Amino acid sequence: MKPSALLVLVFLAEISCQIVLARQESSLKEWLQYKRQYGKVYESPEEDAHRYLQFLATKQRIDQHNNGNKQVSYKLGLNQMADWTQKELAQLNEYRSDSVAVPRSWPKVSQRIDPYLQSILSDRSPLPTEIDWRKVPNRVTGVKTQKGCNSGWAFATTGVLEGQQVARNFTKQLIPLSEQQIIDCTLTAGGCSGGQVSDALHYVAAMGGIDSERDYPYTAQYGLCWYLASKIAMKITGFAELGGDDNLKRLVANFGPVAIAFHKDSHFSHYKSGIIDDPCRQKELTEWALVVGYGKDAKVGEYWIVKSSLTPSWGENGYFRIKRGICSIGSVITVPTF
């Protein structure tokens, strides 16, 4: 090999090493910034190293999604779950189909579609092309944070109740309701291991109502039921559970925010913005959320606006948009009756 060629190879190797070191330094800076932003503290250097590798793997998947396809309709981004393993993400399963039998001491409650709901579902009048209940005063509270408790079912329950609170004259101003009461007191559900909105509404109807979040604050843990009957902020007589994509649209348009179950695929965890349009690989229900509106996009078509309980910093200020007709949205719809 000629000396000149050897010098070129040495030079290229040196440049490559500098690029690798620069990337490593940049990644470490991002890691330190990420830990500061989300308050991440680990028990040992080994765990820190493990979480750092998971962070890098997540970052790579995000970059591949965002930059690998110019036609993508939604973006992924780093969030509080970027250092979680796939196994940990899979454990965020809030939907439970193994409800415990209703205690005999509970009064019987209505589980039927009442005349008001029937009138909404049977009305064939044209619906608005778009609706967003966040823009209507006293129909949607701010996005809450469930933390490490699989309590999305409880947040979906309070959300569908809060949407009716002022409209039905229980209060003059919208008051956030207690998810913790639902977690602690719904004996037919699984607390921080998941549950059903129907179980929660059954409990609220049977026990005479639900307290405010202020009077029964959230702890993100399953605890002893201690609600105060004197502090009840809202009452219902029963609930109705139904399905159907068209029924969901009519209810969102004419009833208000609606609790739904759906299947969460892996891309949900790191969703940042846009309209999710990837069909879910499975139809198994895994999550609960609150549909607060719908709209239509020129490219994607019709979509739902959905409120999460993962923190206001997740997704689009705590919300996500998803194409209509995918991920089993509309297969289970639950609303209170009065």
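## Disulfides in the model

A disulfide is a pair of cysteine sulfur atoms within 2.5 Å. In covalent terms, a disulfide is a bond between the sulfur atoms of two cysteines. The structure discussed here is a predicted model, and a search of the whole structure finds 3 disulfides.

## Cys-280 and Cys-327

The sulfur atoms of Cys-280 and Cys-327 lie 1.9 Å apart and form a disulfide. The torsion about this S-S bond is 85°, and the link is right-handed. Cys-280 and Cys-327 are both buried.

## Cys-149 and Cys-192

Cys-149 is joined to Cys-192 by a disulfide with an S to S distance of 2.0 Å. The torsion about the S-S bond is about -100°, so this disulfide is left-handed. Here too the link is between distant parts of the chain, 43 residues apart. Cys-149 belongs to the loop between strand 2 (131–132) and helix 5 (152–165), and Cys-192 to the loop between helix 6 (179–185) and helix 7 (197–207). Both Cys-149 and Cys-192 are buried.

## Cys-185 and Cys-225

A disulfide is also formed by Cys-185 and Cys-225, whose sulfur atoms are 2.0 Å apart. With 95° about the S-S bond, the link is right-handed. Distant parts of the chain are again connected: Cys-185 is in helix 6, Cys-225 is in the loop between strand 3 (210–211) and strand 4 (232–234), and the two are 40 residues apart.

Cys-225, at 34% relative accessibility, counts as partly exposed, a class that lies between the buried limit and the exposed limit of over 50%.

Strand 11 is largely enclosed by the rest of the structure, because 6 of its 6 residues are buried. In a regular strand the side chains alternate between the two faces of the sheet. Both faces of strand 11 are covered. Val-332, Thr-334 and Pro-336 are buried on one side, and Ile-333, Val-335 and Thr-337 are buried on the other.

Strand 11 pairs with strand 5 (residues 238–242) in the antiparallel sense over 5 bridges. Within this pairing, Thr-334 of strand 11 is the bridge partner of Glu-241. Strand 6 (residues 258–262) also pairs with strand 11 in the antiparallel sense, over 3 bridges. Ile-260 stands opposite Ile-333 of strand 11.

## Domains and annotation

The domain assignment divides the chain into domain 1 (3–71) and domain 2 (90–337). The centres of domain 1 and domain 2, taken over C-alpha atoms, are separated by 40 Å.

An unreviewed UniProt entry carries the annotation "domain: Cathepsin propeptide inhibitor" for residues 31–89. In the model, the span 31–89 is 61% helix and 5% strand. The end C-alpha atoms of residues 31–89 lie 20 Å apart.

Terms used:
Residues are numbered from 1 along each chain as its sequence is written. This is a predicted model: local features need pLDDT of at least 70, side-chain atom pairs count only at pLDDT 80 or more; totals for chains, interfaces and linings use all residues. Side-chain values use heavy atoms; hydrogens and water are left out. Helices (H or I, at least four residues) and strands (E, at least two) are DSSP runs, numbered from the N terminus. Buried means under 20% relative accessible area, exposed over 50%, partly exposed in between (1.4 Å probe, protein chains only). UniProt positions are given in the numbering used here, feature names are shortened, and annotations may be inferred rather than shown by experiment. Domain bounds come from an automatic or database domain assignment. Two strands pair if DSSP finds at least two bridges between them.
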